[in-house]
Structures are given as C-alpha cells and as structure tokens.
Amino acid sequence: MPDLPVYECPRTATTPNLDGTLTDPAWETAPWTTGFVPIHDGPTPRFLTRAKLMYDDQYLYVGGLLEEPHVWSTMTEHNSKLFHENNFELFLDPDGDGQNYYEFEINPLGTIWELTLPKPYVDGGVPIDPTNLAGLRTAIHVDGTLNDPSDTDTGWSAEIAVPWAELAPYNKGRATPPNPGDEWRMNLMRCEWPHEVVDGAYVKGDDCEFWVWSPQGIADMHRPATWGVLRF
C-alpha cells in the first residue's frame, strides 16, 4: 500500500466567520491539502480541488475550494443522493477502525446529505440514512453565476463546521475534541459529471469522475483503510 497522505490540522485561536469563501483571516493558519487525484486510475483531474481544515473547542472546520468553469446544480431536497450531480464530500473515521464512520456531502446549492456507515458496503454495511448532526453549520459561495452556461465561472467553495459533541459517538473511548497529536482517518472527494448545454441549460452526461485527497486504489470510496490521516 502506498504511503497515506497526512494533513496536519492546526488549532485556530479565533472563530471563523463562515460565508463560504474561506477568506476569513482564521483560515490563514491552515495549510492547503495536496490537489485531489483520481480515486483509482484515469487522467489527471481537469480542475484543481483543494481543502483546508482547522479546529477549536467546539468545531472541526473544513473548507473546500473547487475550480469549475461551469457551476451548475439542481438538487435542492435535503438528504438527496448528491453524488448523482457535482458535489464535495467529507468522510471521517475518528477511531480508525473502519467502522461507524461519518459521511457528509454538499452541492453548489448548499443542499446537504449526511449518513453513518456502521461498516463499509463491501462488508455488508447498511447506512443510517440520514444522520443529520443538529449542530452542523455550512456555507457555500459560487465564484461566478450558478446555472448560467453563457459565461465562464471560476469555481465554488464550501465551509463546514462539524460539532465535536456530535462526532463524539464515532470516537468512543477517546478524547473529543482530540488531544494534540491524536490521529483520525479522513478522506475528501469531489464528484464531477460531464455536461452538455441544451437550449441554454446544463444537461448532465454520463460517467462521473471521482477526485479524492487520498487515492483508494479502487473505484470505491468506502475503503477506510486507504483514507488519509488527519493529525491534530
């Protein structure tokens, strides 16, 4: 197995203002992840995707920045299966046992989907769907015009604040918030679908591309052993 990527997650001394832009000064202390790569094999991603993470006593903060010349989205119903369109996803397995892990998805409209996997699908896992964390906070920013094919956009970004109090059940017997030096397992993914423009509107094509922070070695995100390391 190749070496797993490691993200050194800093503590922030100030609470960021979440507006979706990742421009709050608090984010300056957080490094960017490496650019996302194909989940398994395939061409280099056409657009850059990066993320930042940081934390304080209340939240784990996650910010995603997605280069995208045509930002489009249609799914508005809470807890829709958002991977059927372009989205940004977070996977957290705090105790690293490959079981009882949290999945979060968000699209450019700010629609979210959250679920828990007691164990991976390949092992017969049945998701607890949805699993909505009551204290979760999110924000979206589109750098361009959403659902307008007539111009070229820069991209879109997401900010997420995940409350430690509601992550604690995934991390039983260990400190939540984590202590300095603690390690969790994490991955991040972007679903990128091809599209056509028909009568001035975006129409989704076939064959989604999956771009990830930690490559899986197989076209299956639910293999926690190949997720990266989130070190606090």
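Which residues are linked with Glu8 in a network of salt bridges? Glu183 and Arg231 are the residues joined to Glu8 in that network. The model is predicted.

## Salt bridges

The structure holds eight salt bridges. In one of them, aspartate 57 pairs with arginine 11, with the closest N and O atoms 2.8 Å apart. Aspartate 57 sits in the loop between strands S3 (49–55) and S4 (59–67), and arginine 11 in the loop between S1 (6–8) and S2 (37–38), so this pair ties together parts 46 residues apart in sequence. Aspartate 57 is partly exposed at 49% relative accessibility, and arginine 11 is partly exposed at 44%.

Glutamate 68 bridges to arginine 190, where the closest N and O atoms are 3.2 Å apart. This pair links distant parts of the chain, 122 residues apart: glutamate 68 is in the loop between S4 and S5 (87–93), and arginine 190 is in strand S10 (residues 183–192). Both glutamate 68 and arginine 190 are buried.

## Strands S6 and S7

Strand S6 (residues 101–106) pairs with S7 in the antiparallel sense over six bridges. Glutamate 103 stands opposite leucine 115 of S7. Five residues separate the strands in this hairpin, where glycine 110 has a positive phi near 85°.

Six of the six residues of S7 (residues 112–117) are buried, so the strand is largely enclosed by the rest of the structure. In a regular strand, side chains alternate between the two faces of the sheet. Ile112, Glu114 and Thr116 are buried on one side of S7, and Trp113, Leu115 and Leu117 are buried on the other.

## Annotated region

An unreviewed UniProt entry lists residues 18–105 as "domain: Carbohydrate-binding". Over residues 18–105 the chain is 0% helix and 34% strand, and the end C-alpha atoms are 17 Å apart.

Key
Residues are numbered from 1 along each chain as its sequence is written. This is a predicted model: local features need pLDDT of at least 70, side-chain atom pairs count only at pLDDT 80 or more; totals for chains, interfaces and linings use all residues. Side-chain values use heavy atoms; hydrogens and water are left out. Buried means under 20% relative accessible area, exposed over 50%, partly exposed in between (1.4 Å probe, protein chains only). Helices (H or I, at least four residues) and strands (E, at least two) are DSSP runs, numbered from the N terminus. Two strands pair if DSSP finds at least two bridges between them. UniProt positions are given in the numbering used here, feature names are shortened, and annotations may be inferred rather than shown by experiment. A salt bridge is a side-chain nitrogen of Lys or Arg within 4 Å of a carboxyl oxygen of Asp or Glu.
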